[in-house]
Amino acid sequence: MALITHHHHAIISTPVYDDDTGKWKSSTCVSWPNKENAREVHFLPSSPELFLRFEDAEEAGLEAGKNWVELGFKKALAS
């Protein structure tokens, strides 16, 4: 499991082992504080890509989380 913060969002990547393929899938959760100081949480869909190494799946999950946060900021700036 890896945890980073990116633009006040916590991104958690927890790779999951796929017994059928013998490879790793990335699993990512993003959370951030809302206006009431509670936490909002969003789970990203599992990546269709499979990885031989745990570390590669973990890194892919972190990158997916950062991309999701960046996309949200771009949408907010455009409106």
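Visitor: Is Asn-34 buried or exposed?

Guide: This is a predicted model, and in it Asn-34 has 19% relative accessibility, so the residue counts as buried. The cut-off for buried is under 20%.

Visitor: Where does Asn-34 lie, and what does its side chain reach at 2.9 Å?

Guide: Asn-34 lies in the loop between β5 and β6, the latter being residues 39-43. Its side chain reaches the backbone nitrogen of Glu-36 at 2.9 Å. The side chains of Asn-34 and Glu-40 are also joined, by a polar contact of 3.0 Å.

Visitor: You mentioned β5 and β6. In what order do the strands of the open sheet come?

Guide: The order is β1-β2-β5-β6, four strands with antiparallel pairing.

Visitor: Which strands stand at the edges?

Guide: An edge strand has a single partner, and here that applies to β1 (2-6) and β6, so one side of each is left without a neighbour in the sheet. On average, neighbouring strands of this sheet are turned by 20° against each other, direction ignored.

Visitor: Over how many bridges do β2 and β5 pair?

Guide: Those two strands pair over four bridges, in the antiparallel sense.

Visitor: Which residues make up the largest nonpolar core?

Guide: In soluble globular proteins, nonpolar side chains tend to be buried together. Here the largest nonpolar core has six residues: Ala-2, Ile-11, Val-30, Leu-44, Leu-62 and Val-69.

Visitor: What does Val-30 touch, not counting residues up to four places away in sequence?

Guide: Val-30 touches Ile-11, Leu-44 and Val-69, among others. Its contacts also include His-9, Glu-40 and Trp-68.

Visitor: What lies 2.8 Å from a polar atom of the side chain of Ser-13?

Guide: That is the backbone oxygen of Glu-58. Leaving aside neighbours within four places in sequence, the residues in contact with Ser-13 include Glu-58, Met-1, Ser-27 and Leu-62.

Visitor: Now the rings. How many aromatic pairs are there?

Guide: The count comes to three aromatic pairs. One of them joins Trp-24 and Phe-54 and is edge-to-face, with 5.0 Å centre to centre and 90° between the planes.

Visitor: Which parts does the pair of Trp-24 and Phe-54 tie together?

Guide: Trp-24 lies in strand β4 (residues 23-25) and Phe-54 in helix α1 (residues 54-78), so the pair ties together parts that are 30 residues apart in sequence. Phe-54 counts as partly exposed because its relative accessibility is 28%.

Visitor: What kind of aromatic pair do Trp-32 and Trp-68 form?

Guide: Their pair is tilted, at 5.6 Å centre to centre and 40° between the planes. Trp-32 belongs to strand β5 (residues 28-33) and Trp-68 to helix α1, so this pair ties together parts that are 36 residues apart in sequence.

Visitor: How accessible are Trp-32 and Trp-68?

Guide: Trp-32 has 22% relative accessibility and counts as partly exposed. Trp-68 is partly exposed too, with a relative accessible area of 30%.

Visitor: Which residues do ring pairs link into a cluster?

Guide: The cluster consists of Tyr-17, Trp-24 and Phe-54.

Key: Residues numbered from 1 in each chain as written. Predicted model: local features only at pLDDT ≥ 70, side-chain atom pairs only at ≥ 80, totals over all residues. Heavy atoms only, no water. Polar contact = N/O pair within 3.5 Å; in protein donor to acceptor, adjacent residues only side chain to side chain. Contact = heavy atoms within 4.5 Å. Core = buried A, V, L, I, M, F, W, Y, C linked by side-chain atoms within 4.5 Å. Buried < 20%, exposed > 50% of the residue type's maximum accessible area, 1.4 Å probe, protein only. Phe/Tyr/Trp six-rings, centres within 6.5 Å; stacked < 30°, edge-to-face > 60°. Pairing = 2+ DSSP bridges. Axes fitted to C-alpha atoms, helices over the stretch in contact; angles between N-to-C directions.
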